[in-house]
Amino acid sequence: IKLPSGWAAFLAEGRCLRGNSMANVEDVQPLALRAATPVRPLNELRNHTVISASRSRMFIDVGELWRYRELLYFFVWRDVKVRYKQTVLGAAWAVLQPAMMMIVFTVFFGRMAKVDSGTWPYPVFAYAGLLPWTFFATAVANAANSVVGSERLITKVYFPRLLIPLASVGAALVDLVVASLGLLGLMIYFSVPLTAEVFLLPVVIVMIALTATGIGVLLAALN
């Protein structure tokens with residue numbers, strides 16, 4: 001193909017970089033200026049992130065998790081909204097689920113089997129025991145399937161992968177807080193007073209949450 005004289009001079013003074021399948025004209029500079037400017041490789045012109053294994057003895061980078069704490073908040077809020085967005089009852093389902101189980105336990109174990117509940121009324125006794133178990137079971141089940149459910153998000157952008165199961169445990173913790181309102185209502189109805197043991201409740205919740213997180217992360221890795 002015969003090019004016009006102007007185009008031939010233009011291409012002779014230009015600088016072309018070879019791409020994957022064709023030559024792309026990056027920018028056109030005079031020969032004297034091109035000789036004075038060092039040419040950098042194409043891979044150095046692009047910003048890239050190298051992800052490598054840590055040599056530290058700590059398996060969890062707490063500082064990195066703290067830097068992504070806002071993302072963890074949005075993950076928890078996303079899981080809560082997705083869980084109750086298409087339900088008629090909404091967040092009330094977090095109270096109805098242990099309440100229905102409490103009724104079953106009260107009928108079969110409290111009335112028929114005559115299981116001793118101490119000085120507590122059996123509905124309060126059963127509901128107080130079902131709350132932590134429901135929280136633990138929900139947190140482990142959701143955390144185990146969280147990484148598989150967020151496969152597209154994980155493969156597209158980098159963030160600490162531990163945030164995904166942590167968000168599932170956080171969403172289950174929100175359910176626990178909502179369901180605790182039902183326990184408070186039962187205690188008021190049956191005139192059950194609060195004792196000094198209530199101050200140990202945060203410690204118990206943290207221990208259950210840590211246990212659920214560990215088991216959930218293990219199952220998520222196996223999935």
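Methionine 100 counts as partly exposed because its relative accessibility is 48%, where partly exposed lies between buried, under 20% relative accessible area, and exposed, over 50% (1.4 Å probe, protein chains only). The model is predicted, so local features need pLDDT of at least 70 and side-chain atom pairs count only at pLDDT 80 or more, while totals for chains, interfaces and linings use all residues. Residues are numbered from 1 along each chain as its sequence is written, and side-chain values use heavy atoms, with hydrogens and water left out.

Methionine 100 is found in helix α5, and so is phenylalanine 105, the helix covering residues 93-112; helices here are DSSP runs (H or I, at least four residues), numbered from the N terminus. At 30% relative accessibility, phenylalanine 105 is likewise classed as partly exposed. Met100 and Phe105 both belong to a nonpolar surface patch of about 810 Å², whose other members include Ile103, Val107 and Met112. Such patches take residues with over 30% relative accessible area and no salt bridge, joining nonpolar side chains within 5 Å and like charges within 9 Å; areas are Shrake-Rupley values with a 1.4 Å probe, and a salt bridge puts a side-chain nitrogen of Lys or Arg within 4 Å of a carboxyl oxygen of Asp or Glu.

Beyond four places in sequence, tyrosine 127 touches Val95, Met102 and Leu186, among others, contact meaning heavy atoms within 4.5 Å. Methionine 100 and tyrosine 127 are 9.5 Å apart, C-alpha to C-alpha.

Definitions and conventions:
Helices (H or I, at least four residues) and strands (E, at least two) are DSSP runs, numbered from the N terminus.
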